[in-house]
Amino acid sequence: GTGAFAQVAYEYFTHDSPYEVVGFAVEKDFIGEREIFGLPVVPFEEVTEHFSPSEHHFFVAITYSGLTRARARLYELARGHGYKAASYVSPEAFVWKNVDLGEHCFIFEKTVIQPFARVGDNVIIWSGAFIAHHASIASHCFVAAHSAVNGTTTVSRQLRAGSLQTPFLQR
């Protein structure tokens with residue numbers, strides 16, 4: 001459970017956010033290693049024993065292979081444990097001031113989100129994407145790099161099963 005996006009999220013949160021990554025959680029059936037980047041990898045089923053919900057935020061870092069269902073499920077489970085959701089918006093992204101941006105979003109560099117757009121909770125928008133005015137991205141979606149979503153368009157989610165790769169963060 002220390003896949004490619006978990007590693008990318010670690011880099012951005014560590015070097016370009018107010019958060020400090022303090023560990024990773026992976027569903028026990030998917031744990032392969034007990035440490036990454038010198039930080040512990042713990043079973044998600046035991047996460048509250050390792051990272052106090054009152055002191056830590058979470059980010060579910062799964063994207064590839066149609067894992068939006070797993071990301072949505074684990075996002076809801078972590079929130080249910082009392083954790084606050086972390087978001088990352090690159091300082092190199094352009095997000096207009098009246099955009100309705102949900103929680104637990106990851107917005108990569110060179111992304112443009114125009115006025116009156118809405119982005120739901122638990123959304124990942126990869127580098128260089130363009131979200132036009134009045135567009136709406138539903139919760140739990142993934143928008144690929146350099147995608148264009150035209151004005152007044154609504155993007156909804158497609159759900160599939162998957163596993164957890166979640167860095168836990170302390171602010």
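This is a predicted model: local features need pLDDT of at least 70, side-chain atom pairs count only at pLDDT 80 or more; totals for chains, interfaces and linings use all residues.

Visitor: Okay, and which side chain does Arg73 meet in a salt bridge?

Guide: That of Glu27, with 3.0 Å from N to O. Arg73 sits in helix α3 (residues 68-80) and Glu27 in the loop between β1 and β2, so the pair ties together parts that are 46 residues apart in sequence.

Visitor: Is Glu27 buried or exposed?

Guide: Glu27 is buried, because its relative accessible area is 11% and the cut-off for buried is under 20%.

Visitor: Why would two side chains pair up like that?

Guide: Side chains of opposite charge can pair when their charged atoms come close.

Visitor: How many salt bridges are there in the whole structure?

Guide: The search turns up five. Among them is the one between Glu76 and Arg79, where the closest N and O atoms are 3.8 Å apart.

Visitor: How far apart are Glu76 and Arg79 in helix α3?

Guide: They are three residues apart there, so about one helical turn separates them. Glu76 is partly exposed at 40% relative accessible area, and Arg79 is partly exposed too, at 38%.

Visitor: What else does Arg79 form a salt bridge with?

Guide: With Glu103, and there the closest N and O atoms are 2.9 Å apart. That pair links distant parts of the chain: Arg79 is in helix α3, while Glu103 is in the loop between β8 (100-101) and β9 (106-107), 24 residues apart. Glu103 counts as partly exposed, with 28% relative accessibility. Put together, Glu76, Arg79 and Glu103 are linked in a network of salt bridges.

Visitor: Let's switch to Asn150. Where does Asn150 lie?

Guide: You'll find Asn150 in the loop between β16 (148-149) and β17 (154-155). Asn150 is exposed, because its relative accessible area is 52% and the cut-off for exposed is over 50%.

Visitor: What is Asn150 in contact with, leaving aside its neighbours within four places in sequence?

Guide: Ala132 and Ala135. There's also a distance to look at: His133 is 17 residues from Asn150 in sequence, and the two are 7.5 Å apart in space, C-alpha to C-alpha.

Visitor: Now the surface. Which residues form the negative surface patch?

Guide: Asp29, Glu45, Glu46 and Glu49. Asp29 has its place in the loop between β1 (20-26) and β2 (35-36), and with 70% relative accessibility Asp29 counts as exposed.

Visitor: How about the accessible surface of the chain, what does that come to?

Guide: About 7800 Å², and 49% of that belongs to carbon and sulfur atoms.

Visitor: Let me ask about backbone angles. What is phi of Phe37?

Guide: Phi of Phe37 is near 55°, which is a positive value in a residue other than glycine. Phe37 is in the loop between β2 and β3 (39-43), and Phe37 is partly exposed at 38% relative accessible area. Phe116 also has a positive phi, near 70°, and isn't glycine either. Look for Phe116 in the loop between β10 (112-113) and β11 (118-119).

Visitor: Zooming out, how many helices and strands does the chain have?

Guide: Three helices and 18 strands.

Visitor: And what share of the residues is buried?

Guide: Buried residues make up 50% of the 171 in the chain. As for contacts between residues at least 6 apart in sequence, 47% of them join residues at least 24 apart.

Technical notes:
Residues are numbered from 1 along each chain as its sequence is written. Side-chain values use heavy atoms; hydrogens and water are left out. Helices (H or I, at least four residues) and strands (E, at least two) are DSSP runs, numbered from the N terminus. Buried means under 20% relative accessible area, exposed over 50%, partly exposed in between (1.4 Å probe, protein chains only). Contact means heavy atoms within 4.5 Å. Accessible areas come from the Shrake-Rupley method with a 1.4 Å probe; for residues, only the protein chains shown count as cover. Patches are made of residues with over 30% relative accessible area and no salt bridge: like charges are joined within 9 Å, nonpolar side chains (Val, Leu, Ile, Met, Phe, Trp, Tyr) within 5 Å. A salt bridge is a side-chain nitrogen of Lys or Arg within 4 Å of a carboxyl oxygen of Asp or Glu. Lys and Arg count as positive and Asp and Glu as negative; His and the chain ends are not counted. The place of a charge is taken as NZ of Lys, CZ of Arg, CG of Asp or CD of Glu.
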